[in-house]
Amino acid sequence: MYIDKSHHLCSVVALVIIAGFLAVVAPREAAAKERGLSDDWRFFKGDVSGAERTDFDDRKWKTVTVPHDWSIMDRAGTKSPFTPEAESGQDSGYLPGGTGWYRRQFILTEEEAAKNVRLNFGAVYMDADIWVNGRHLASHHYGYTAFTVDLTNKVRAGGNVVAVRARHEDPSSRWYAGSGIIQPVALEILNCVHIDPDSVFVTTPVATEKVGKVKVSAQVNHCGTDPRQALLSSRILDGSGAVVASTRAEKRRLSGKPSPWELSVSIENPSLWSLEKPNLYTLVQEVQVDGRVVDERRTRFGIRSITVDAKNGLRLNDRSIVLKGGNIHHDNYMIGAAGFPDADARKVLLMKQAGYNAIRNAHNPASKATLNAADELGMLVINEAFDSWNKHKRAKDYSRFFATDWKADIDSMVISGRNHPSVLFWSIGNEIPEQGTPLGVETAEALTERVRELDPTRPVTQAVSIDPPESAGQYAAIDVAGYNYRSHLFESDHTDYPDRVMYSSESLPKNAFKVWQTVEDMPWVIGDFVWTSVDYLGEAGIGWMGYSQDWQKLGPYPWHLAYCGEIDATGRKRPAAYYREVLWKSALNPISAFVQQPEGTADLPDRHYFKIEPPHLDWSLEDVHPSWTWPGQENKPLTVFVYSEHPEVELFLNGESLGRKAVGEASEYKATYTVPYQPGLLKAVGYNQEREAGSWVLRTAGSPAAAKVYADRHRLQANGLDLAYVSVELTDQNGTPIYARSDDRFVDIQVEGPAELIGVGNGNPMDASSFQSGRKKTFHGRVVAVVRAGTEPGQVTVRVAVEGQPEQQQVLHVTSVDYR
Ligand code: GAL
């Protein structure tokens, strides 16, 4: 990718001079090119009049990098982004929205300015207006869909100015949405004759071990009126870059009208895309005019088949699979909703590593980075469009724009996602208020029809939260039935609707066993998606305190995380994730053990901090922890849960057996022990046919004496976007992890060199301190920092100072952008 390193200059004269210089030295680009616009944006929080004007003086505005989320930034004069006054309250985790402006200059050469220029936005939350050179060119309301502003004939050689206003009026959402340009922005410059970027659609109607039939439809555009002779050719590359198929060049006479380009290619013995081996191919389409390549478009795809029916369930490449699913929201916790590609991809990786094989992207289309990561890692995605249609859930939500915008937003989701092999189903909505009514059914039919027009290959689904008989009409409008918290209906609904394919689109972590049984026992139930796999900002406290009698959520300020994630907000697996691994027989951690928090010792408000009057909905599993450090509990009985795939377990405290227990379906793959607390070593051993098959150890930790500091990567590209996650985990002098809250310590993190510290988080749902200051207290012994590469190469030092300990360093290398 070419990265614009142009500096932010106010004088248009200077820009013109630079542009002239570039025109001389820059090589002539034949084909299309994309230029990321990540650095050097100017940002102002609030509304300003005249900020769309080219000559507006933005020198006092802050310089920021995009993706950017202003809601997660410390509020002026404070060291916290949170406020109990935030209008969305618990929904947004006490983080406010508002209005914000962004401006950026970009330089085009004379040649570029004369081409087809597109400005591509990954997402702007929300209600965005775009001006270029003072001219209002677009409004885009939905905060999650990608959109393009056509700048053809609207830009000039030299300096151009794009101005973006985003209006996030509260309350706009039931969860934390973030605010601003939350996904990457790029300029795409195409020659007059080019392949329409949105037109390419690759399908694989035959996908067997023997043959992969690849069908491509696309469209070639010619912006002029003079007919041109073009030569169209294409080839397919495998994962190593080798050409595995190519088509004969085809002559085409192009006039002013778009010209369809259909292809069909066969690949012998293809490497299929699967969850275990996510093999990818790249289609390269080339257009030549007068012997010169004027466009080359690369589209990555996978060869795979998907079938689904109530008898055989879900089959990928003709093999049965079930969906081990988790719901995720789009935020990236300590950096808010800023959708840096590495941050979005990291969530997919965390899920893959924890044994999930499917993601439900709740309740909006997944980012490009999420889908790319899912393609590469072998994860399936239910890509969801909306949380509301005609009727609102929150006064300022998307329903305000639904009637006029839904078609464009569906088009954006399907067109940008349909070449990704990871996309399994299109979901048209979640718990839509009008579900089951004539309006709900009619809307579902319209949405489904549009999805099918754009992609007839994938089933359409919807997450429904009503019971039969009202649900019947809604389900009849779609292909696959998503049930939110309704696994108890799977049996009776199957009797009434034997052809219906069902899955739990949402379920409670505490019901993991019960729901998973339905997947194992009922062929028509194809999977379960827990709410949620990764923790998220907003819906504060639901995972902990649940819902009260009147179904109000209970997390008051300063609660801000939902705290229902099986993986915490920093990426650490919580006990529920280990339990799920056992239920799925993932063989990742076939045995694990956790200890229940003794009553009255919680340093978060107790699980039942508020008066609980039935009906009360508890969300999570027992309040258990990976710790055998419980000072003050000596000789008092503690409850220990052992999760095991092995049929028999034995627990030992300081070498003494506390007895063997059988574990299996009847015990929900758990064994419970009551253990009088003594510091030392608690060891759970699993047996298979009398032979020791695995073990899990919890050790009492001494005081914090050291810290394990590690980065998830040490090389980053100088593209302004690459991220390294640096974890800091306290240990005692023997390396035993520190977990007790009384042993938490402050950590100060600083970054030196061509990179920036953009967030530090600890996963504590109540710690309302700054994410940007570099100072954070550990939570259960841990903090995680996010370092973003700048646009210059060089060495970066991350300095980590844990209270009471000598400073440690991590060295990262930012390398020049790889212009592949
Ligand atoms: C569901 C909803 C989710 C989330 C969850 C927990 O009903 O679909 O978006 O709100 O409840 O509160």
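Predicted model: local features only at pLDDT ≥ 70, side-chain atom pairs only at ≥ 80, totals over all residues.
A residue counts as near a molecule here if one of its heavy atoms lies within 4 Å of it. The residues around the ligand are R174, H363, N430, E431, N484, Y485, E506, W531, E539, I542, Y547 and W619. Sort that shell by side-chain type and you get 5 nonpolar, 3 polar and 4 charged residues.

H363 puts a polar side-chain atom 2.5 Å from one of the ligand's oxygen atoms. For E506, a polar side-chain atom sits 2.8 Å from a ligand oxygen. N430 has a side-chain N or O atom 3.0 Å from an oxygen atom of the ligand. As for how much of the ligand is covered, it would expose 300 Å² if taken alone, and the protein buries 93% of that.

Let's move on to the aromatic rings. A pair of aromatic rings is described by the distance of the centres and the angle of the planes. Rings pair up if their centres lie within 6.5 Å, and the count for this model comes to 39 aromatic pairs. Take Y281 and F301: their centres are 6.0 Å apart, with 25° between the planes. Planes under 30 degrees apart count as stacked, so this pair is a stacked one. Where do Y281 and F301 lie? Y281 is in strand β21, which covers residues 281-289, and F301 is in strand β22, residues 292-301, so the pair ties together parts that are 20 residues apart in sequence. Both Y281 and F301 are buried.

F513 and Y669 give you another ring pair to look at. Their ring centres are 6.2 Å apart and their planes meet at 55°, so this pair is tilted. F513 and Y669 are both buried.

Rings can also join up in groups. Ring pairs link Y125, Y142, Y144, F386, W389, Y398, F402 and W406 into a cluster. And some rings have a charged partner over the face. K573 lies over the face of Y578, 4.5 Å from the ring centre.

Next, the backbone. Most residues other than glycine have a negative phi, and most peptide bonds are trans. With that in mind, which bond joins Y557 and P558? It's a cis peptide bond, with omega about 10°, and P558 is in the loop between α10 (542-545) and α11 (575-583). The peptide bond from V66 to P67 is cis too, with omega near 10°. P67 sits in the loop between β4 (62-64) and β5 (98-108).

That loop between β4 and β5 also holds Y94. Y94 isn't a glycine, yet its phi is positive, near 60°. Is Y94 buried or exposed? Its relative accessibility is 9%, so it counts as buried. K585 is another non-glycine residue with a positive phi, about 50°. You'll find K585 in the loop between α11 and β34 (591-596). Since its relative accessibility is 42%, K585 counts as partly exposed.

S770 is in the loop between β46 (755-761) and β47 (775-777). At 2% relative accessibility, S770 counts as buried because the cut-off for that label is under 20%. What does the side chain of S770 make a polar contact with? Its partner is the side chain of D74, at 2.7 Å.

Finally, go to L190 in strand β13 (residues 185-190). L190 has 0% relative accessibility, so it is buried as well. Its C-alpha atom is 6.0 Å from that of K115, although L190 and K115 are 75 residues apart along the chain.

Notes
Residues numbered from 1 in each chain as written. Heavy atoms only, no water. Polar contact = N/O pair within 3.5 Å; in protein donor to acceptor, adjacent residues only side chain to side chain. Areas by Shrake-Rupley, 256 points an atom, 1.4 Å probe, with all protein chains shown as cover. Nonpolar A, V, L, I, M, F, W, Y, C, P; charged D, E, K, R; others polar. Phe/Tyr/Trp six-rings, centres within 6.5 Å; stacked < 30°, edge-to-face > 60°. Helix = DSSP H or I, 4+ residues; strand = E, 2+ residues; numbered from the N terminus. Buried < 20%, exposed > 50% of the residue type's maximum accessible area, 1.4 Å probe, protein only. Lys NZ or Arg CZ within 6 Å of the ring centre and 35° of its normal.
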